[in-house]
Amino acid sequence: MSALAVARAQVAPLAPVTTQSQLIYFSSTSENTSRFVAKLGCELARIPLHAKDAPLLATRPYVLVVPTYGGTGGEGSVPKQVIRFLNDPQNRQLIRGVIGAGNTNFGDNYCMAADIIAAKCNVPRLYRFELMGTPEDVARVHNGLDTFWTRLSQTQK
């Protein structure tokens, strides 16, 4: 392979990985959000952690689970990876709700990423939980998602 072909291969954008999951999440290297969603027992898709990884593309309506990063007045609260994901028009069109993860030590910024995304995408913030969530949080989200998708399917008929 020529040097030019190698250079082009290195800069060519990766084809998106598609998902039909109705629950898409982002988790940082702490894995707190990942541990929470794994307890829900449903099909999941993870927004890539690194920009060099292939982007994720939703192919059906979904709920987003997102942690909040510390930020003053909300600035920097939404992870850059989530912003990149939602900048894709198809991903933005298919979001139906958002669930926030956070740390109450952030005070007023607790789960602010979910609030920001809900407002910008005009979808409801469905729930929020702290760090990895409690067993009660897991049960509430699991049951709440069942109810949410049932009601949504009834209103779209």
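Which residue of strand 5 is the bridge partner of leucine 23? The partner is valine 63, and the points below set this pairing in the context of the whole chain.

1. Basis of the note. The structure is a predicted model, in which local features need pLDDT of at least 70, side-chain atom pairs count only at pLDDT 80 or more, and totals for chains, interfaces and linings use all residues. Residues are numbered from 1 along each chain as its sequence is written, and side-chain values use heavy atoms, with hydrogens and water left out.

2. Overall composition. The protein contains six helices and seven strands; helices (H or I, at least four residues) and strands (E, at least two) are DSSP runs, numbered from the N terminus. Their order from the N terminus is α-β-β-α-β-β-β-α-α-β-α-β-α.

3. Burial and surface. Of the 157 residues, 42% are buried; buried denotes under 20% relative accessible area, exposed over 50%, and partly exposed in between (1.4 Å probe, protein chains only). The accessible surface is about 8,900 Å², and carbon and sulfur atoms account for 53% of that surface. These areas come from the Shrake-Rupley method with a 1.4 Å probe, and for residues only the protein chains shown count as cover.

4. Contacts along the chain. Taking contacts (heavy atoms within 4.5 Å) between residues at least 6 apart in sequence, 69% join residues at least 24 apart.

5. Five strands make up an open sheet in the order 3-2-5-6-7, with parallel pairing. Its edge strands, strand 3 (45-46) and strand 7 (125-130), each pair on one side only. Strand 2 (residues 23-25) pairs with strand 5 (residues 62-67) in the parallel sense over three bridges; two strands pair if DSSP finds at least two bridges between them. Strands of a sheet pair through backbone hydrogen bonds, either parallel or antiparallel.

6. A helix across the sheet. Helix 5 (residues 112-121) lies across strand 5, strand 6 (95-102) and strand 7, and runs at about 165° to strand 6. For such angles, axes are lines fitted to C-alpha atoms, for helices over the stretch in contact, and the angles run from 0 to 180 degrees between N-to-C directions.

7. Aromatic pairs. The whole structure holds three aromatic pairs. In one of them, the ring centres of phenylalanine 36 and phenylalanine 129 lie 3.7 Å apart with planes at 15°, so this pair is stacked. Phenylalanine 36 belongs to helix 2 (residues 32-38) and phenylalanine 129 to strand 7, so that the pair links distant parts of the chain, 93 residues apart. Phenylalanine 36 is buried at 0% relative accessibility, and phenylalanine 129 is buried at 1%. Another pair, phenylalanine 148 and tryptophan 149, has centres 5.3 Å apart and planes at 70°, and is therefore edge-to-face. Both residues are buried, phenylalanine 148 at 16% and tryptophan 149 at 17%. Rings of Phe, Tyr and Trp (its six-membered ring) pair if their centres lie within 6.5 Å; planes under 30 degrees apart count as stacked, over 60 as edge-to-face and the rest as tilted.

8. Threonine 19. This residue lies in strand 1 (residues 17-19) and is buried at 8% relative accessibility. Leaving aside residues up to four places away in sequence, threonine 19 touches Ile24, Ala45, Leu56, Leu57, Ala58, Thr59 and Arg60.

9. Arginine 84. Located in helix 3 (residues 80-86), arginine 84 is partly exposed at 47% relative accessibility. Arginine 84 and leucine 56 are 28 residues apart in sequence, with a C-alpha to C-alpha separation of 9.8 Å.
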